[in-house]
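Subject: Structure for your review

Dear colleague,

My findings follow directly after it.

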Amino acid sequence: MAGDKAYGSVGIRTYLEGERAGLVSPPKKNAKNPEPYDKEFYKRRNIVERFFCKLKDCRRIAMLFDKLLAMFEAFVALAAFIIYAG
């Protein structure tokens with residue numbers, strides 16, 4: 001999981017280890033035992049955040065107008081394709 005500094009707490013790291021998932025986030029400034037992290041992987045999480053921001057620009061997705069899950073998923077797929085192609 002790639003998260004920001006807020007996800008660097010011991011409790012969250014312990015939970016993710018129990019789920020067999022890793023956390024890639026920089027340690028907080030006040031961390032007593034800062035854990036190492038992959039800086040290059042952390043930089044790339046911005047791509048995903050920008051993609052979700054572009055998806056939320058579409059009012060139909062952000063406001064959840066669709067009543068059926070299938071219609072919502074189809075529109076998210078269509079919007080993702082338009083973002084990718086554009």
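I begin with the segment at the start of the chain. In this predicted model, Asp4 is partly exposed, with a relative accessible area of 33%. Asp4 belongs to the segment before H1. When residues up to four places away in sequence are not counted, Asp4 touches Ser25, Tyr42 and Arg45. The C-alpha atoms of Asp4 and Pro27 are 8.8 Å apart, although 23 residues separate the two along the chain.

Met1 also lies in the segment before H1. Met1 has a relative accessible area of 42% and is therefore partly exposed. Its C-alpha atom is separated by 6.1 Å from that of Val24, which is 23 residues away along the chain. Leaving aside neighbours within four places in sequence, the contacts of Met1 are Tyr7, Leu16, Gly22, Leu23 and Val24.

The loop between helix H1 (10–18) and H2 holds Ser25. Is Ser25 buried or exposed? Its relative accessible area is 0%, so Ser25 is buried. Sequence neighbours within four places aside, Ser25 is in contact with Gly3, Asp4, Tyr7, Gly8, Arg13, Tyr37 and Tyr42.

A search of the whole structure gives two aromatic pairs. In one of them, Tyr37 and Tyr42 are arranged edge-to-face, with 6.0 Å from centre to centre and 80° between the planes. Tyr37 counts as partly exposed because its relative accessibility is 28%, whereas Tyr42, at 18%, counts as buried.

Phe51 is partly exposed, with a relative accessible area of 27%. Phe52 is likewise partly exposed, its relative accessible area being 45%.

A further ring, that of Phe75, has Arg60 over its face, at 4.3 Å from the ring centre.

I turn next to helix packing. Two packed helices are described by the angle between their axes and the distance between the axes. Helix H2 (residues 39–56) packs with helix H4 (residues 69–85) at an angle of about 120°, and the axes are 10 Å apart. How are H2 and H4 oriented to each other? The two helices are oblique, because 65 to 115 degrees would count as roughly perpendicular and over 145 as roughly antiparallel. The crossing of H2 and H4 is right-handed. On the H2 side, Phe51, Lys54 and Leu55 take part in the contact, meeting Val76, Ala79, Ala80 and Ile83 in H4.

Finally, two backbone angles may interest you. Most residues other than glycine have a negative phi. Arg20, which is not a glycine, has a positive phi of about 60°. Arg20 is located in the loop between H1 and H2 and is exposed, with a relative accessible area of 80%. Leu64 has a phi near 55°, again a positive value in a residue other than glycine. Leu64 sits in the loop between helix H3 (59–62) and H4, and its relative accessible area of 54% makes Leu64 exposed.

Yours sincerely

How values were computed. Residues numbered from 1 in each chain as written. Predicted model: local features only at pLDDT ≥ 70, side-chain atom pairs only at ≥ 80, totals over all residues. Heavy atoms only, no water. Phe/Tyr/Trp six-rings, centres within 6.5 Å; stacked < 30°, edge-to-face > 60°. Buried < 20%, exposed > 50% of the residue type's maximum accessible area, 1.4 Å probe, protein only. Lys NZ or Arg CZ within 6 Å of the ring centre and 35° of its normal. Axes fitted to C-alpha atoms, helices over the stretch in contact; angles between N-to-C directions. Helix = DSSP H or I, 4+ residues; strand = E, 2+ residues; numbered from the N terminus. Parallel < 35°, antiparallel > 145°, perpendicular 65-115°, else oblique. Left-handed = near helix turned anticlockwise from the far one by under 90°. Contact = heavy atoms within 4.5 Å.
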